[in-house]
Amino acid sequence: MIYRPRKFTIYFLIQIIGFICGYFYPPAIIITVILATAVWIIPERRAEQIIKKQHQH
């Protein structure tokens, strides 16, 4: 099974939706870019758990 980070999938879907909506309503592209950027800013719980486990050893 190929590992696909959840953030990448969400980011990609937001971008696709933005481009489609942007065809009909151009400001939608700006809105979706901001939302997609927010996805990367929010810390990922799984990554935090892995880091905590590494520091415990």
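1. Read from the N terminus, the elements of the chain follow the order α-α-α. The chain holds three helices and zero strands, where helices (H or I, at least four residues) and strands (E, at least two) are DSSP runs numbered from the N terminus.

2. This is a predicted model, in which local features need pLDDT of at least 70, side-chain atom pairs count only at pLDDT 80 or more, and totals for chains, interfaces and linings use all residues. Residues are numbered from 1 along each chain as its sequence is written, and side-chain values use heavy atoms, with hydrogens and water left out.

3. The chain has a mean pLDDT (the predictor's confidence in each residue, from 0 to 100) of 81, and 77% of its residues reach 70 or more. Confidence is highest in helix α1 (residues 6-24), at a mean of 90, and lowest in helix α3 (residues 45-56), at 69.

4. Of the 57 residues of the chain, 16% are buried; buried means under 20% relative accessible area, exposed over 50%, and partly exposed in between (1.4 Å probe, protein chains only).

5. In α1, the buried residues are Lys7, Ile14, Gln15, Gly18 and Gly22. Seen down the helix axis, they fall within an arc of 100° (taken from the directions from the axis to the C-beta atoms), so they line one face of α1. These buried residues pack against α2 (27-41), with contact meaning heavy atoms within 4.5 Å. On the other side of α1, Arg6, Ile20, Tyr23 and Phe24 are exposed.
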